[in-house]
Amino acid sequence: FMFTKYGTSNVIVMLTVAFLLIVVAIIVHPLWIRIICFSICLLLTLFTFLFFRDPDRNIPAEALADPSMILAPADGRVVAIVETEENTFIKGKATQISIFLSPLDVHVNRSPASGIIKYFKYLPGDYIVAYHPKSSIKNEQTHIGLENNAGKVFFKQIVGILARRLVWDIKEGDTISAGQKFGMMKFGSRMDVFVPQESTVFLKKGQRVIAGETIMARLK
C-alpha cells in the first residue's frame with residue numbers, strides 16, 4: 001500500500017488526530033464517549049487510507065507508443081460527452097469529456113498523453129458541486145494544454161463542493177509521458193478533457209474510467 005506524495009501533510013494531520021482520539025478514548029471513563037472516539041478514529045483512518053491511496057497503474061503499451069491515444073487523466077464516472085467550442089488551447093470545435101470523482105475514487109491525476117505542456121493557468125473560483133455542468137466554468141480550476149506530433153489535448157482539474165485544493169507539479173515547457181502522475185484534486189472533484197472534434201471517442205456517458213489505463217479517445 002502506498003500513499004500519494006501529494007497528500008503527505010494531510011495524511012500526517014489526519015492520522016495524528018486519529019491517534020489523539022484513541023488516547024482520549026483510553027483516558028476518559030464514560031463508555032459512550034469511548035465508543036464515539038473509537039468510531040470517529042476508525043472512520044477517519046479508513047477515509048485517510050482510501051482517499052490518499054496511490055495504486056500502481058498498468059499504462060497501455062499502445063498509449064506509450066502512439067501519441068494519438070488519449071488516456072483517462074482521472075478515476076471516476078463519465079458524466080458528459082458533448083460537442084463544444086474550446087477557445088483557450090485547441091481554438092476550435094472540440095469534444096468535451098467530463099469525469100466526476102467521488103470522495104472514494106483515487107484522486108491522483110495522470111497525463112492523458114505524452115507530449116509537452118504548452119499551456120498552464122490556475123484560475124480561482126467557486127465551489128459548486130462537481131457534477132453540475134456550471135462547475136466546469138465557475139469553479140476553481142487549472143487549465144492544462146498538452147501538445148505532441150499527433151495534435152492537442154486540453155484538460156482541467158476542477159474542485160467541487162468538498163474539494164478545496166488543487167495540487168500540481170508541472171509547468172509550461174515540461175515534457176510528460178502518458179500516464180505520468182502530475183497532481184491531485186482533494187476531497188471530491190471533476191476533470192474535463194477536450195479533444196479536437198474530429199477525434200474518435202471510445203466512451204459512453206455513465207462509463208467508469210481508470211486514470212492511466214482507460215483509453216478514452218484517439219486524435220485524428
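Let's start at a ring with a charge above it: the charged end of Lys-152 sits over the ring of Phe-89, 4.8 Å from its centre (a charge counts as over a ring if NZ of Lys or CZ of Arg is within 6 Å of the ring centre and within 35 degrees of the ring normal). Do keep in mind that this is a predicted model, where local features need pLDDT of at least 70, side-chain atom pairs count only at pLDDT 80 or more, and totals for chains, interfaces and linings use all residues. Residues are numbered from 1 along each chain as its sequence is written, and side-chain values use heavy atoms, with hydrogens and water left out.

Phe-89 is buried because its relative accessible area is 7% (buried means under 20%, exposed over 50%, partly exposed in between, with a 1.4 Å probe and protein chains only). Together with Tyr-119, Phe-154 and Phe-194, Phe-89 forms one aromatic cluster.

Now look at the aromatic rings elsewhere. The whole structure holds ten aromatic pairs (rings of Phe, Tyr and Trp, the latter by its six-membered ring, pair if their centres lie within 6.5 Å; planes under 30 degrees apart are stacked, over 60 edge-to-face, the rest tilted). Phe-47 and Phe-51 count as stacked because their ring centres are 5.5 Å apart and their planes at 20°. Both belong to helix H2 (residues 31-51), four residues apart, about one turn of the helix (helices, H or I, of at least four residues and strands, E, of at least two are DSSP runs, numbered from the N terminus). Phe-51 is buried at 0% relative accessibility, whereas Phe-47 is partly exposed at 25%.
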